[in-house]
Amino acid sequence: MPYTTAGKNLMLDALRGVNPSVGLAYASLHTADPGQSGTSEVTGGSPAYARKAITMGAAANGQIAATTQPVFDVPGGTTVTHVGFWSAVSGGTFLGSADVTDESFAGQGTYTLTSATLDLNA
């Protein structure tokens, strides 16, 4: 049986921080599909790449969307292909990912995550 919209909204609200022990609090950039464990996360650069805090709005219609636009430092020679979501700024629990339009950086630059939506209807 598929989940109801109300059930999906409860699950997503738990991920976004209603349940502080799991909260969806940080976004990451990846150079390939991170799979189930968050592999291929960007590293290096000066200033150095780091995960960024992200705020998600309340769940509606089985999805949540970012209400902030984090800006990441990206080292030269990197192509960003995915964004990931984590429970902590380092380590933590990998919660999921989304494919983004590939963006290549010949030199050090910045990547702005202009939108992010987690959709349990997909």
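Start with the protein chain coloured by secondary structure. From the N terminus, its elements run α-β-β-β-β-β-β-β-β. That is 1 helix and 8 strands. Helices (H or I, at least four residues) and strands (E, at least two) are DSSP runs, numbered from the N terminus. This is a predicted model: local features need pLDDT of at least 70, side-chain atom pairs count only at pLDDT 80 or more, and totals for chains, interfaces and linings use all residues. Residues are numbered from 1 along each chain as its sequence is written, and side-chain values use heavy atoms, with hydrogens and water left out.

**Whole chain**

Zoom out. Along the principal axes, the C-alpha atoms fill a box of roughly 45 × 25 × 25 Å.

Now show contacts (heavy atoms within 4.5 Å). Among those between residues at least 6 apart in sequence, 66% join residues at least 24 apart.

Switch to accessibility. Of the 122 residues, 36% count as buried. Buried means under 20% relative accessible area, exposed over 50%, partly exposed in between (1.4 Å probe, protein chains only).

**Strand 1**

Select H30, in strand 1 (residues 26–30). Is H30 buried or exposed? H30 counts as buried because its relative accessibility is 0%.

**Loop between strand 1 and strand 2**

Select Q36, in the loop between strand 1 and strand 2 (52–53). At 77% relative accessibility, Q36 counts as exposed. Draw a distance to L118: the two C-alpha atoms, 82 residues apart along the chain, are separated by 15 Å.

Next, S40 sits in this loop too. Its phi is near 65°, a positive value in a residue other than glycine. S40 is partly exposed, at 31%.

Move to P47, also in the loop between strand 1 and strand 2. A cis peptide bond joins S46 and P47, with omega about 5°. Most residues other than glycine have a negative phi, and most peptide bonds are trans.

**Last stop**

Select N61, in the loop between strand 2 and strand 3 (63–65). Phi of N61 is near 55°, a positive value. N61 counts as exposed, at 57% relative accessibility.
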